[in-house]
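Take a look at the structure below. We will walk through it step by step, from the overall layout down to single residues.

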Protein chains: 2
Amino acid sequence: MHTGTWGFSEATHRPASTTQQAVEGIKQYIRDNALKPGDTLPTESELCEELGFSRSSVREAIRILTTLDIVDVRHGTGTFVSSTSLKALVQGLIFRATLDADDNLETLRDVVEIRQAIDLAIGQEITAKLDPSKLEQLSIIVEKMSAKRKQGLNFAEEDREFHQVLLSEIDNPIIRELNDAFWQVHMNVIPLRKLEEPQDFSRTVRAHQDIVDALQNNDLKKYQESVLRHYEPLLTSL
Amino acid sequence: MHTGTWGFSEATHRPASTTQQAVEGIKQYIRDNALKPGDTLPTESELCEELGFSRSSVREAIRILTTLDIVDVRHGTGTFVSSTSLKALVQGLIFRATLDADDNLETLRDVVEIRQAIDLAIGQEITAKLDPSKLEQLSIIVEKMSAKRKQGLNFAEEDREFHQVLLSEIDNPIIRELNDAFWQVHMNVIPLRKLEEPQDFSRTVRAHQDIVDALQNNDLKKYQESVLRHYEPLLTSL
DNA sequence: GGTGATTTGTACGTATGTATT
DNA sequence: GAATACATACGTACAAATCAC
């Protein structure tokens with residue numbers, strides 16, 4: 001039983017649409033020519049000739065591949081191979097979260113729970129690969145966060161950077177991308193809700209500091225407690 | 001600083017393309033009319049009027065939303081709201097895996113590692129929500145797996161079902177979907193590689209039985225050991 | 001079962017906006 | 001600024017699938 005790319009078991013073996021054929025054709029072109037991220041693809045008209053499909057079909061195929069972040073189109077310049085990311089996951093989850101934004105916030109809570117689960121799951125690898133220079137980086141970021149908070153400024157970028165540096169020692173790139181993807185979803189959904197209380201910001205900064213401290217002591221248990229404390233104010237408010 | 005849906009900080013505030021406007025328009029239409037999965041959207045021509053864009057732009061927008069599994073298009077019938085899934089994540093990761101299929105299998109290893117991490121992370125919730133009827137279901141599935149293995153048959157569907165039932169008690173739907181998404185990626189990528197050895201299949205069946213046993217004893221530690229054993233043959237071969 | 005109406009799918013032509021040289 | 005190459009947008013026509021009558 002072959003189930004195709006989507007994992008369905010399509011009983012009806014309908015011939016793939018022209019657009020889908022074009023999608024597969026372009027994917028195959030990338031593989032055959034071993035194109036790397038940043039490499040240019042043929043122009044739309046060239047792709048039309050190459051694949052034997054009309055402009056419309058090729059364009060719709062390119063839209064699909066753009067959405068999956070497999071290619072990157074720059075107006076007036078050309079089409080390029082993209083370093084595939086989890087952009088589509090982010091978009092899909094943000095839309096889902098905005099659907100029920102008015103009456104409940106389940107999706108946001110789910111997202112935060114997963115961020116917490118990821119941070120907990122990587123605890124062992126993180127503490128094992130302790131790197132003094134990374135710890136130094138983390139400390140500096142927390143200081144910046146603290147400074148911004150005292151000025152009443154938003155420290156979202158520092159927050160993102162903190163978690164990225166924290167994950168930078170993790171071998172598995174997909175975990176790193178999932179981590180950032182859920183961070184993006186989280187931050188895009190938060191504005192739809194009422195803002196956090198000021199005391200929560202203060203607690204958040206302290207929680208980041210706790211994580212650094214735990215890592216400095218190479219203390220897995222304390223790390224996990226700090227992670228739980230980091231997300232606690234959010235989860236209880238949801 | 002507003003960063004838009006993608007989390008970028010676009011310095012150049014270029015006006016969104018017509019296609020992107022159409023995407024947002026259709027999303028907004030779904031929200032405004034509180035459409036639920038399965039509900040029909042206006043026809044393409046009606047959407048063109050409603051949004052004021054040409055058919056091509058609306059079509060490309062629909063392609064994007066189809067890729068994100070936000071809408072579902074049926075030829076000759078109409079366009080429907082879809083229950084958003086992680087289909088796009090699956091497609092993107094499968095493509096990534098096929099890129100380096102010939103020389104290495106990093107992506108497959110990364111995917112298996114994440115499956116393992118998810119199964120480990122849910123251990124506490126799983127063992128806490130022990131349900132005899134679910135355990136019964138799991139036992140039956142393992143028996144089916146065992147029977148199929150002895151006949152030399154593929155038991156992928158039973159494997160999928162096992163992990164779905166295992167996760168069915170988890171509250172967080174996104175975790176359930178992630179679990180299934182990574183299962184799909186895993187199974188779609190496996191055929192690109194050499195088949196597993198027969199003794200691995202036997203070990204896999206036993207590992208599933210071990211998981212059921214651990215849950216029957218409500219033994220978290222044994223559950224985690226079983227999960228590790230479940231993925232071990234795969235990870236070492238990668 | 002067949003026919004026509006409806007809806008999406010494909011093709012092509014033309015004009016316009018955009019970036020590079 | 002001009003020329004070129006490219007993507008973007010729109011409109012129209014027809015093909016293919018589906019459904020109701």
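Read along its sequence, chain A runs α-α-α-β-β-α-α-α-α-α-α-α-α. That makes 11 helices and two strands. Here helices (H or I, at least four residues) and strands (E, at least two) are DSSP runs, numbered from the N terminus.

Some ground rules come next. This is a predicted model, where local features need pLDDT of at least 70 and side-chain atom pairs count only at pLDDT 80 or more, while totals for chains, interfaces and linings use all residues. Residues are numbered from 1 along each chain as its sequence is written, chains are lettered from A and ligands numbered from 1 in the order in which they are written, and side-chain values use heavy atoms, with hydrogens and water left out.

Start with chain A as a whole. How much of chain A is buried? Of its 238 residues, 47% count as buried. Buried means under 20% relative accessible area, exposed means over 50%, and partly exposed lies in between (1.4 Å probe, protein chains only). The accessible surface of chain A comes to about 11900 Å². Carbon and sulfur atoms hold 49% of that surface. These areas come from the Shrake-Rupley method with a 1.4 Å probe; for residues, only the protein chains shown count as cover. Now take contacts in chain A between residues at least 6 apart in sequence: 67% of them join residues at least 24 apart. Contact means heavy atoms within 4.5 Å.

Next, a stretch with a label. An unreviewed UniProt entry places the feature "domain: HTH gntR-type" at residues 16–84 of chain A. UniProt positions follow the numbering used here, feature names are shortened, and annotations may be inferred rather than shown by experiment. This span is 52% helix and 12% strand. Its end C-alpha atoms lie 24 Å apart.

Now zoom in on Val71(A). This residue sits in strand β1 of chain A. Val71(A) is buried, at 2% relative accessibility. Not counting residues up to four places away in sequence, Val71(A) touches several others, including Ile30(A), Leu41(A), Ile62(A) and Phe80(A).

His186(A) is found in helix α9 (residues 173–189) of chain A. Is His186(A) buried or exposed? At 2% relative accessibility, it counts as buried. Beyond residues up to four places away in sequence, His186(A) touches Leu108(A), Val111(A), Val112(A), Arg115(A) and Leu234(A).

Backbone angles come next. Most residues other than glycine have a negative phi. Asp69(A) is not a glycine, yet its phi is positive, about 60°. Asp69(A) lies in the loop between α3 (55–67) and β1 (71–74) of chain A. Asp69(A) is buried, with a relative accessible area of 6%. Asn218(B) is not a glycine either, and has a positive phi of about 55°. Its place is the loop between α10 (198–216) and α11 (220–237) of chain B. Asn218(B) is partly exposed, at 44% relative accessibility.

Finish with two helices. In chain B, the axes of α1 (residues 18–32) and α3 (residues 55–67) come within 8 Å and cross at roughly 60°. Axes are lines fitted to C-alpha atoms, for helices over the stretch in contact, and angles run from 0 to 180 degrees between N-to-C directions.
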